[in-house]
Amino acid sequence: ECLETIVRLVAPISPFFSDAVFQNLNAVTRRYKAESVHHIDFPEANDAVIDQSLEERMQLAQDAASLVLSLRKKVNIKVRQPLLKVFIPAQDSDMAADIKLVEDIIKNETNIKEVEILNSDNDFIRKKAKANFKTLGKRLGGRMKSAASAIELFTNDTILEVQKGGFVLKSKDQAKDEDDITINPEDIDIITDEIPGYEIASNGPITVALDITITEPLLQEGNAREFVNRIQNMRKDSGLDVTDRIVLTVTENPLIAESLIKFKDYICAEILADSLDFVPELNEGSELEVNEAILMVNLLKQQ
């Protein structure tokens, strides 16, 4: 029944495959009289099993991972290159708990070793707010200047309140009987102070500060991961089955040799190599470039 529900769900985007699976299943279960998955009703949602908090946590993980990946792209650091840490400020204890529950997902998706959760009033990531004259100017007119000055004094906590929506800026001059001003998220532009060695990005309530320092151990692991990727491509191009074992011989290159030796066990496990040998020269094989290091590689299927 679960598989039948799935093929009904994917029918609009995978019409032929879903129909083939449906017909094979229905030939056994005979649950439906229709000849095609496209002739039966789309599944109806069961509100009783919808986990809203889970969906919110997964959205949080997706947004945080997207920000980190965008920063990697900005500074041209491949995802295969591990990085040490990302800082994520939490608006409150609930958000901190949600980040903790999905931190492994964030780490796995972005190849980050550690996620450190900060309080909203932390001194590490400092935010500043500036008035959006385009949205506020139309509403405030002559009061725009004083409102802009007040917005520039917003603290991290005040900025978070604005992002949640409906923040009220109290009028300073009660004698003029001026109305309080509602500041909406779109009424402010948020600027984050630069931190040496970090790249920072925000999306609504989520801010990430990515440590972009690549230490020698991180570089070595990145070299090993890049090497694995190249060998996996070689396996595919050679027509090997995913379960085929191999023996591998690689020329020594001082730019990368230490990395490959240190992570030899990891490499062998990933590429299904029964042996990985390093030699000064190779008369036959394929040339590979791994992070600017040129290697000759001889890959043979294990008999």
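## Ground rules

Residues are numbered from 1 along each chain as its sequence is written, and side-chain values use heavy atoms, leaving out hydrogens and water. Since the model is predicted, local features need pLDDT of at least 70 and side-chain atom pairs count only at pLDDT 80 or more, while totals for chains, interfaces and linings use all residues.

## Helices H3 and H4

Let's start with helix H3 (residues 52-74) and helix H4 (residues 93-110), whose axes are 8 Å apart at an angle of about 45°. Helices here are DSSP runs of H or I with at least four residues, and strands are E runs of at least two, numbered from the N terminus. Axes are lines fitted to C-alpha atoms over the stretch in contact, with angles from 0 to 180 degrees between N-to-C directions. H3 and H4 are therefore oblique to each other (angles under 35 degrees count as roughly parallel, over 145 as roughly antiparallel, 65 to 115 as roughly perpendicular and the rest as oblique).

Among the H3 residues in contact (heavy atoms within 4.5 Å) are Leu 60, Ala 64 and Val 68, while the H4 side includes Ile 99, Val 102 and Ile 106. By class, the contact of H3 with H4 has 13 nonpolar, one polar and four charged residues (Ala, Val, Leu, Ile, Met, Phe, Trp, Tyr, Cys and Pro are nonpolar; Asp, Glu, Lys and Arg are charged; the others, Gly among them, are polar).

## Helices H5 and H6

Next come helix H5 (residues 133-140) and helix H6 (residues 144-151), with axes that come within 9 Å and cross at roughly 135°. H5 and H6 are therefore oblique to each other as well. H5 contributes Phe 133, Leu 136, Gly 137 and Leu 140 to the contact, and H6 brings Met 144, Ala 147, Ala 148 and Ile 151. These residues divide into seven nonpolar, one polar and no charged.

## Helix H10 and its two sides

In helix H10 (residues 264-271), Ile 267, Cys 268 and Ile 271 are buried (under 20% relative accessible area; exposed is over 50%, partly exposed in between, with a 1.4 Å probe and protein chains only). They cover an arc of only 95° around the axis, which puts them on the same side of H10; the arc is that of the directions from the helix axis to the C-beta atoms. Asp 265 and Ala 269 are exposed on the other side of H10.

The buried residues of H10 pack against helix H8 (216-237), strand E9 (246-251), helix H9 (257-262) and strand E10 (273-279). After H10 comes Leu 272, with a positive phi near 60°.

Glu 221 lies in helix H8 and is buried, with a relative accessible area of 13%. Leaving aside residues up to four places away in sequence, Glu 221 touches Pro 82, Lys 113 and Phe 263.
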